[in-house]
Structure formats: structure tokens, C-alpha cells
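Open the model in your viewer and keep the sequence panel beside it. The stops below say what to select next and what is there.

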Amino acid sequence: MPPEDEHRVKVHLDRLLAERGMTLSQLAARVDVTVVNLSVLKNDRAKAIRFSTLTAICRELNCQPGDLLSIRED
């Protein structure tokens, strides 16, 4: 994929946090990631995610990667 092509991965962090009554700040503290980095992920501005971060988020939100990420239909 050429760098100029936009990815189509959609992040559902906002929905998962709302369903669990958790704030971004609370999740950041639990997974040891900055609020700024989680905000980038939540707002679909991330270009990558470390598997260790994905694992920690899924552990804290009690979800699977497929609950957190999907592909947008464009």
C-alpha cells in the first residue's frame, strides 16, 4: 500500500469505553499508555498499534481485537 493511501481501519475504543463506564484516563493508567496516545487511537488518527498495547487494551476492556478494530466499507 503506497504511503499516500489512507487506511480503512476503524477503532471502536469510544464505544467500548462507554459500554464499560470507563474514561480514557482510567484506561491509560491501567494499560500504562499516555492519554494522548490513546486519544490518537480513539480518534482514528493512529497509523499503527503495538501488539503489547492491543493486548493490554483488550485485557482491560475484556474484549477481543475484533471488538476494538474493524475495516470501514468505503
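In which segment is Glu73 found? Select Glu73: this residue is found in the segment after β2 (69-71). Strands here are DSSP runs of E with at least two residues, helices are runs of H or I with at least four residues, and both are numbered from the N terminus. Glu73 is exposed, with a relative accessible area of 72%. For this and later stops, exposed means over 50% relative accessible area, buried means under 20%, and partly exposed lies in between (1.4 Å probe, protein chains only).

A note on the model before going on. It is a predicted model, in which local features need pLDDT of at least 70 and side-chain atom pairs count only at pLDDT 80 or more, while totals for chains, interfaces and linings use all residues. Residues are numbered from 1 along each chain as its sequence is written, and side-chain values use heavy atoms, with hydrogens and water left out.

Zoom out and colour by secondary structure. The chain has 5 helices and 2 strands, and along the sequence they follow the pattern β-α-α-α-α-α-β. The radius of gyration is 12 Å, close to the 11 Å that the globule rule gives for 74 residues, so the chain is as compact as a globular protein of that length. That radius is taken over C-alpha atoms, and the rule is 2.2 Å times the number of residues to the power 0.38. Along its principal axes, the C-alpha trace spans about 35 × 20 × 20 Å.

Of the contacts with a separation of 6 or more, 64% are between residues 24 or more positions apart. Buried residues make up 31% of the 74 residues.

Next, select α4 (51-61). Its buried residues are Thr53, Leu54, Ala56, Ile57, Cys58 and Leu61. Show their neighbours: these buried residues pack against α1 (13-20), α2, α3, α5 and β2.

Move to the residue that follows α4, which is Asn62. Asn62 lies in the loop between α4 and α5 (65-68). Its phi is positive, about 50°, although Asn62 is not a glycine. At 68% relative accessibility, Asn62 counts as exposed.

Another positive phi is at Asp32, which is not a glycine either and has a value of about 60°. Select the loop between α2 (24-31) and α3 (35-42) to find Asp32. With 73% relative accessibility, Asp32 counts as exposed.

How many disulfides does the count come to? The count comes to 0, where a disulfide is a pair of cysteine sulfur atoms within 2.5 Å. Cys58 is in no disulfide, and its nearest cysteine sulfur, that of Cys63, is 3.8 Å away. Cys63 is likewise in no disulfide, with the sulfur of Cys58 as its nearest. Cys58 counts as buried at 8% relative accessibility, and Cys63 counts as buried at 7%.

Conventions
Contact means heavy atoms within 4.5 Å.
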